[in-house]
Amino acid sequence: MATIAHSPPWWKWVVMMASFFALLLGSTVSYCAGVVHVALLDYYQEDPTVTAWLGSLLASMFALTGPVASLVINMFSCRTCVMLGGVLQLVGFACSVFVTDMRWLFLTYAILVGLGEGLVYTGSIVILGFCFEDQVSLVTGVGMAGVGMGTFFLPPLTQYLLDNYGLKGCFLFLGAIAFHAVAFGALMRPSEIETELAVSAKSGKSLCQQILTSLCGRCDRVGEMFHPAFLLLLLATFSFSVGNFISYLFLPDIFIKQGSSPQEASFLFSMVGVGGALARLLGGFAANDPNIGPSVLFSGTYGIIATIDFFIWPMTKTMVGKVAYAFMFGLYASVGWVLINPLTLHIVGVRNLASGYGIAMFTSGAGTLVGPPIASIIVEAYGKYQEAFYFAGCMFFVSSACGLMIMLLKKTRSDLPQEKSDVPELQSLTDWKDHVHDVAEVTVVIKCPTTDRVLSPNASSGTEDGMSTE
C-alpha cells in the first residue's frame, strides 16, 4: 500500500473523505444540465438543437478530459488536478454570467466548466488508487457515493436557484459550490508514488517528452496499456456509456408515453438517482470481496440491466413496474463507474493508473457523445423508443461479455512484473525500506585494536559495561 509523504498513516482516511466531498460538490454539475437546459431555452430563445448540443458537450466533457487529467496528475499530483478543476469551474460559471450570445457558452459553460469537472472527478478517483492499492474497490465505492448524493440533491437545488435568482444568479451559486473542491483537494497530500512519477516525468526530458511520458507512461511500460484485458475494458467502457446515456435521454419520454404525467416522470427519474447512489456504495463493498471481484460484478450487473432493457415496454405499463424499472436501472447501470478504477489498477498497475484511467474515461466520453445521436437515428427510422432501448440493451450485453473475458485475461498482482522506480535515488530509498523489514536482528561488534577487547550489545551480562575479553 502506498503511503502519503510526510503524513501520518491515518491521513489516507482524510483523503478518502476529501475525495467524497470533492466528488459531491465538484463533479456533479453535469447532472444539472437537463434543468439548466430549460432555462437556457427560455433565456436565450435559441435553436433547441444548438442548446441540446451545449448540454451534451458539458455532460461528456467530464470523461473526455480524462487524458488531460492524467497529464496533470503524472506531472504534478492529484491535489493539483482537483484544485485546478475547482478553479476552472468557478471561472467558467463566472464568465458565463457576462455572456450575451449563447454560442460563447460553448467555451465558458461547456468546455471550461466541463474541463474543471473532469479534472476534479479523475483526480479524486485516482488518488484513492494511489493511497488504497489493496482496498481500492471499497474506498472507490465510498468516494463515488458522493456522486450519487450529488445527483440526488443538486438538480432540485439548481431548480430552486433558477426560480429565485434567475439563470445568471444560478451560475454564480453553482460556481461557488464547485469551488469547494479546491478546499477538499488541498487535503489530498501527494503519495510517494505521485512524487516519484512527477520527478520521473520531469527528469532530463524536453517538454514534449514530459507530456508524452505523462500521457502514455514510460516506453518500457507501454505494453501494459495494450494488454488485451485493458483493450477489452476500453470496449466495455465505451459500450456501457452508449447504453447509459441512451437510457437517460429517452427514459422520461417512455414513462410519459406509458401514461405518466410529467411530474410523475420526474419523480420516477429521481428513483434512478436513488438506485445509483446505493449502487455506488454497495458496488465498492461487493467488488472488494475476493470471492466476487470487480470483473465478475461488472459482467453480472450489466448482464442484468441488458436483460431488463429488453422488457422495458411491458414492465412500464403499471406504476409499480415503472418504479421498479427506474430503481433497478439506477442500481445496476451505475456500478460500472465504481469498477473502472479497480479494474484499471489490476490490469495496468499502480504506476500506469493515472494514464490508464484517463484513457478509459476518454472512451467513456466518446460513448456519451455518439450514443444519443445513434439512438435518435433509430427512433426516426422506426418511430418507436423501444428499438432505441433494444440497442442500448445490446450495448450492455457487449459490456457484460467484455467483463467475462477480462476475468479470464486480466493480470493479477502476481503476474505483474516488479515495478521499479524511474529515478535511481528514489529506487534506492524504496529498496532500503523493503529490506529493512527483513532484518530480524543486527549485532554490532567493535574490536578495540589496543586492548583486544570486544564491545558487543549482546555480551555476557557478567562483564562490566558489556565488555568481554577475547
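**Exercise 1. Determine which helix gives the most to the lining of the second largest cavity, and describe that lining.**

*Solution.* Helix α2 gives the most to this lining, with three residues. The model examined here is a predicted one.

Step 1. List the residues around the second largest cavity. Its lining is formed by Ala 33, His 37, Leu 40, Thr 51, Gly 55 and Tyr 109.

Step 2. Assign the lining to helices. Two helices, α2 (33-44) and α3 (48-64), each supply at least two residues of the lining of this cavity.

Step 3. Sort the lining by class. Three residues are nonpolar, three are polar and none is charged.

**Exercise 2. State where Ser 399 is found, decide whether Ser 399 is buried or exposed, and name the residues that Ser 399 touches.**

*Solution.* 

Step 1. Locate the residue. Ser 399 belongs to helix α18, which covers residues 386-409.

Step 2. Apply the cut-off. A residue is buried when its relative accessible area is under 20%. Ser 399 has 0% relative accessibility and therefore counts as buried.

Step 3. Name the contacts. Leaving aside residues up to four places away in sequence, Ser 399 touches Ala 236, Ser 239, Phe 240, Phe 298 and Tyr 302.

**Exercise 3. Carry out the analysis for Thr 344: its helix, its burial and its contacts.**

*Solution.* 

Step 1. Locate the residue. Thr 344 lies in helix α16, formed by residues 335-348.

Step 2. Judge its burial. Because its relative accessibility is 0%, Thr 344 counts as buried.

Step 3. Name the contacts. When residues up to four places away in sequence are not counted, Thr 344 touches Phe 230, Leu 233, Gly 349, Leu 353, Gly 356 and Tyr 357.

**Exercise 4. Describe the protein chain as a whole by its secondary structure, burial, contacts and accessible surface.**

*Solution.* 

Step 1. Count the elements. The secondary structure of the protein chain consists of 19 helices and three strands.

Step 2. The protein chain has 470 residues, of which 53% count as buried.

Step 3. Consider separation in sequence. Among contacts in the protein chain with a separation of 6 or more, 82% join residues 24 or more positions apart.

Step 4. Describe the surface. The protein chain has an accessible surface of about 20,200 Å², and 68% of this surface belongs to carbon and sulfur atoms.

Notes. Residues numbered from 1 in each chain as written. Predicted model: local features only at pLDDT ≥ 70, side-chain atom pairs only at ≥ 80, totals over all residues. Heavy atoms only, no water. Helix = DSSP H or I, 4+ residues; strand = E, 2+ residues; numbered from the N terminus. Buried < 20%, exposed > 50% of the residue type's maximum accessible area, 1.4 Å probe, protein only. Contact = heavy atoms within 4.5 Å. 1 Å grid on protein atoms, 1.4 Å probe; cavity = no way out; pocket = protein on both sides within 12 Å on 5 of 7 lines; lining within 4 Å. Nonpolar A, V, L, I, M, F, W, Y, C, P; charged D, E, K, R; others polar. Areas by Shrake-Rupley, 256 points an atom, 1.4 Å probe, with all protein chains shown as cover.
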